[in-house]
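Please read the briefing below alongside the sequence and the coordinates. It moves from the chain as a whole to a few pairs of side chains.

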Amino acid sequence: LKGRFKAAWITLMDGFAEARRQAVEGVEAVKLEASLYAGAVGLPGLIPLQYALDRMMPLTLTAPIEAALRDSLEEATAGKNAKSLPNVKKLTLRNFKTGDAAPRLLEARLFDLGPEDLGFDFQIRWDSNLKADIDVTTKVRAKFPVSVRNLRFEGPVRVIVTKLTTKEPGWTAILVSLPSPPKIGLDVRVMGGE
């Protein structure tokens, strides 16, 4: 009985130590992010950005979104990812349109990353009129259509522009990430059903 109690006590103390370590790391991460925080942009400052995004959406953002979706569909059935869809042989994007509804910029924060880099967090809501028609081919060669419509996205998007330069296009890379999980919804129809 003494041995079990001692083992349980050691496990409990190890758990407390790990919880303390993770709490300290979390506080340090918040402090680091706060030290980089340079300012906030309110609604009046977002008007020109929203204006530009409204114009860019159907013209320049459709192709990168379509390419990313094609890549994701291909990766979903390749290599290690194929285990998550064991009965699917291939996913093919047959038709794609982003529509003309641009994401809405709700707020923005700026980060001071030094003289050659820019950092932004945008809070975004996007009630899109996206349309994607996907053909699903199974391992037994059955093929059926899946229709994805009306993607809804709400959450933060982080944009980091690195190594500003005088050469076109003016930067070395643009990194886009999601600092926390967004809320996502979409309408899916399989074989024309609901």
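This is a predicted model: local features need pLDDT of at least 70, side-chain atom pairs count only at pLDDT 80 or more; totals for chains, interfaces and linings use all residues.

Residues are numbered from 1 along each chain as its sequence is written, and side-chain values use heavy atoms, with hydrogens and water left out.

**Overall form**

- The chain contains 2 helices and 8 strands, where helices (H or I, at least four residues) and strands (E, at least two) are DSSP runs numbered from the N terminus.
- Read from the N terminus, the order of these elements is α-β-α-β-β-β-β-β-β-β.
- The chain is more spread out than a compact globule, because its radius of gyration is 23 Å, well over the 16 Å that the globule rule gives for 194 residues; the radius is taken over C-alpha atoms, and the rule is 2.2 Å times the number of residues to the power 0.38.
- Taken along the principal axes, the box filled by the C-alpha atoms is roughly 65 × 55 × 35 Å.
- Among contacts (heavy atoms within 4.5 Å) between residues at least 6 apart in sequence, 63% join residues at least 24 apart.

**Surface and charges**

- Of the 194 residues, 24% count as buried; buried means under 20% relative accessible area, exposed over 50%, and partly exposed in between, with a 1.4 Å probe and protein chains only.
- The chain has 28 positive and 23 negative charges, whose mean positions are 8 Å apart; Lys and Arg count as positive and Asp and Glu as negative, while His and the chain ends are not counted.

**Salt bridges around Asp121**

- The structure holds 9 salt bridges, each defined as a side-chain nitrogen of Lys or Arg within 4 Å of a carboxyl oxygen of Asp or Glu.
- Asp121 counts as buried at 6% relative accessibility, whereas Arg109 is partly exposed at 28% and Arg158 is partly exposed at 22%.

- Lys143 and Asp135 meet through their side chains in a salt bridge of 4.0 Å, N to O, and salt bridges that share partners join Arg94, Asp135 and Lys143 into one network.
- Lys143 is exposed, with a relative accessible area of 58%, while Asp135 is buried at 12%.

**Pro179 in its loop**

- Pro179 sits in the loop between strand E7 (173–177) and strand E8 (183–190), and its relative accessibility of 37% makes it partly exposed.
- Not counting residues up to four places away in sequence, Pro179 touches Asp121, Pro156, Val157 and Arg158.
- Pro179 and Arg158 are 21 residues apart along the chain, and their C-alpha atoms are separated by 6.4 Å.

How values were computed. The place of a charge is taken as NZ of Lys, CZ of Arg, CG of Asp or CD of Glu.
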